[in-house]
Amino acid sequence: MPSDPPKKPRPRVGRVVKPAKNAPARFENGAESGSPPRKQSAKTAAKAPPQAIPAPPPFDPAPIVEKVGLYWLNGKNYWIPSPSGVWLESTEAHAGKELRAFGVSAQRPEGGGLSQVELALRYVRQCRVLDLVMNLAGLAAGVHDLDGRRILARESPRFIMPVAGDFPVIEKMLYALLGNEQTPRFVAWLKNGLECLTAGIQRPGLVLIIVGPGNSGKSLLQHHIITPLFGGRHADPSGFMFEKSDFNSELFGCEHLLMEDPATSTRTEARQFFGERLKAIAANETHRCHPKGREAITLPPFWRLSVSLNDDPDKLRILPNLNAPDLSDKILMLRVLKAAMPMPTATNEQRHAFRAAIVAELPAFADFLMNTRVEAKHFDSRFGCRAWLNPEIAAMLYDDSPAGRLLELVDNSLFEDEEKKGKDWEGGADELEEALTAFASPIEREAKRFCDHNNVARLLARLAEDMPGRVSKHRTSNRRLWRITPPPAETAAA
C-alpha cells in the first residue's frame with residue numbers, strides 16, 4: 001500500500017516579538033527575520049486578533065435621576081411623581097423598577113461593584129434628600145426650598161379655570177343672603193384671596209365671620225363658594241384655635257380654614273386666646289407647624305379663615321371683643337339674612353340640582369372675580385379689602401363685652417334719678433365704683449359682682465377709645481378724672 005506523500009510545511013505568516021522584558025509582545029508578519037512580510041490570505045486574515053474595544057465612559061446617574069424625578073425622604077422611603085401630578089411614596093424595590101424602565105441596568109459589573117441602578121439610588125440618597133413631605137397650602141405639587149428646608153408638596157390646589165360667562169344663580173343667592181351693602185364686601189374678600197392664591201403671593205387676609213339664623217345659608221357660602229374657589233381643600237381649626245390641641249399639621253395642607261358654630265367656653269380667658277389666634281391667622285405670614293411625634297417647625301401657608309355662627313346671643317359670646325382696635329381692623333363680619341334661594345331646595349333632588357347649578361357657574365364667577373374692580377371704599381392696601389363689622393352684630397357684641405356692660409350699669413344707676421337726668425357725671429374710677437355699689441344704688445348687688453371681676457379704670461379707658469362721645473378723661477394736678485355723658489334721649493327711651 002503506497003504511503004502518503006509528505007506534507008509541505010505551512011509557511012509562517014508572522015511571529016510574536018517582545019522587544020524588552022517588561023514591554024508588551026507584538027505580532028509581526030513574515031516567515032523569516034528580515035524577509036518581506038507575506039501577503040495574508042483571507043482565511044488567515046480572519047484569524048487575526050481583534051481590535052481592543054474602548055471602555056465605556058463612567059455611568060453618571062444625575063441626568064437619569066433628574067429625568068425620573070426621584071427623591072428620598074431622609075431615613076425613610078423614596079418619592080416619585082405620578083402622571084396625574086400627585087407624588088407617590090415608593091420602596092427601594094419600586095424605585096429600582098422605575099429606573100430600569102428608563103434603561104438603567106441592574107446588572108453588576110464583572111469583578112464586583114455596584115450596578116447602575118444601585119449607583120443611581122446611592123446618588124439620590126446623597127444628593128436628593130427631602131426634609132419634609134406634606135401638602136402646604138398655596139404651593140403646587142413638587143419640591144420647594146423654604147428657608148433652607150427641602151419640602152415636597154404631594155398635591156396641588158385644585159383651581160377652577162375661569163371662563164367668561166354669566167352666573168345668575170350665584171348672583172341671586174349672594175344678594176338674597178347678604179344684601180346690596182354686604183355683597184360687594186364679600187366679593188372684595190373673595191377676589192383678594194383668589195388673586196393672591198393663583199399668583200402665588202403670600203399676603204395677609206381678613207378673617208371672615210358670617211353671622212345669621214340657623215339654616216340660612218352660612219355653611220352654603222363656606223362649603224360651596226369659598227372652598228372650591230380657594231383650591232378645594234378645607235380643614236377645621238377649632239381644636240387649635242381654642243387651645244384644645246397644640247398639634248396642627250393637618251391645617252397646613254388646606255387653604256380654607258373653616259369653622260361652623262364652634263363649641264367652646266365663653267370664659268374671658270378663652271375668648272382672649274381665640275382673639276389672639278384670629279389676629280395671628282389674619283396678619284402673620286408664617287406659622288408654627290407641630291406634627292405629632294416630631295419637632296415643630298415654622299412654615300408659610302396660604303390661609304383664609306371663615307367662621308359661621310348663629311346670631312343667638314349665647315353663641316356670639318364665644319367671640320372676643322371684635323371692637324378692640326387691635327382686632328377690629330382684621331375682621332370682616334357679615335350678617336346673613338334668611339331668604340329664599342334662587343332655586344327650590346325642598347327635596348334631595350332639588351338640593352342636588354341647586355348645588356350642581358352652583359358648580360356649573362363657578363368658572364364664570366371666578367372669571368368675574370379676577371376681572372372685577374374693587375370700589376375704593378371697600379379697598380385696603382394691606383389686606384386687599386377693608387375691615388368692617390356689621391353694625392347690628394357689632395352692637396350686640398359690644399353690649400355683651402365688659403366695657404359695654406359697665407356702661408349699661410352706669411346708665412341704669414347714675415342717670416335714672418330725675419335730678420341727674422341730662423347731667424354729666426364726673427369723678428375718678430374709684431368714685432364711680434363706689435357710686436355703683438352704694439347701698440342706695442338700684443343695682444348694688446349686680447354692680448358688686450361686676451366690680452369684683454373687672455378693673456373699672458381699665459374699662460373706662462376702653463370706653464373712652466370706643467365711645468369718645470360718651471366717655472372722656474382729663475387730668476387735674478394730682479389725679480385723672482372721667483366724664484360720662486347721659487345716653488341719647490332715644491336710647492334712654494328704648
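**E465.** I began with the exposure of E465 in this predicted model, and found that E465 is exposed, with a relative accessible area of 52%, which puts it past the 50% cut-off for that class. I then looked up where E465 sits, and the residue belongs to helix α16.

**Whole protein.** I next took the overall counts and noted 17 helices and 20 strands. Of the 494 residues of the protein, 40% count as buried. For the contacts I looked at pairs with a sequence separation of 6 or more, and residues 24 or more positions apart account for 66% of these.

**Cysteines.** I searched the whole structure for disulfides and the search returned 0. I then looked up the accessibility of two cysteines, C254 and C451. C254 has a relative accessible area of 12% and is buried, while C451, at 9% relative accessibility, counts as buried too; the class applies because buried means under 20%.

**Helix α13.** I turned to α13, which runs over residues 402-413 and has 12 residues. From its first C-alpha to its last the helix reaches 16 Å, which is close to the 16 Å expected at 1.5 Å a residue. I listed the buried residues of α13 as A403, G404, L406, L407, L409, V410, D411 and S413, a list that includes the charged residue D411. I then asked what covers these buried residues, and the cover includes the helices α12 (391-399), α14 (429-437), α15 (444-453) and α16 (456-466), together with the strands β19 (471-475) and β20 (480-484). Helix α16, part of that cover, is also the helix in which E465 lies.

**Helices α2 and α4.** Last, I examined how α2 (residues 61-68) packs with α4 (residues 116-127), and found an angle of about 75° with the axes 9 Å apart. That angle makes α2 roughly perpendicular to α4, because angles from 65 to 115 degrees are classed that way. On the α2 side the contact is made by P61, A62 and V65, and on the α4 side by L119, A120, Y123 and V124. I sorted the residues of this contact by type, and they divide into 7 nonpolar, no polar and no charged.

Technical notes:
Residues numbered from 1 in each chain as written. Predicted model: local features only at pLDDT ≥ 70, side-chain atom pairs only at ≥ 80, totals over all residues. Heavy atoms only, no water. Axes fitted to C-alpha atoms, helices over the stretch in contact; angles between N-to-C directions. Helix = DSSP H or I, 4+ residues; strand = E, 2+ residues; numbered from the N terminus. Parallel < 35°, antiparallel > 145°, perpendicular 65-115°, else oblique. Contact = heavy atoms within 4.5 Å. Expected span 1.5 Å × (residues − 1). Buried < 20%, exposed > 50% of the residue type's maximum accessible area, 1.4 Å probe, protein only. Disulfide = S-S within 2.5 Å.
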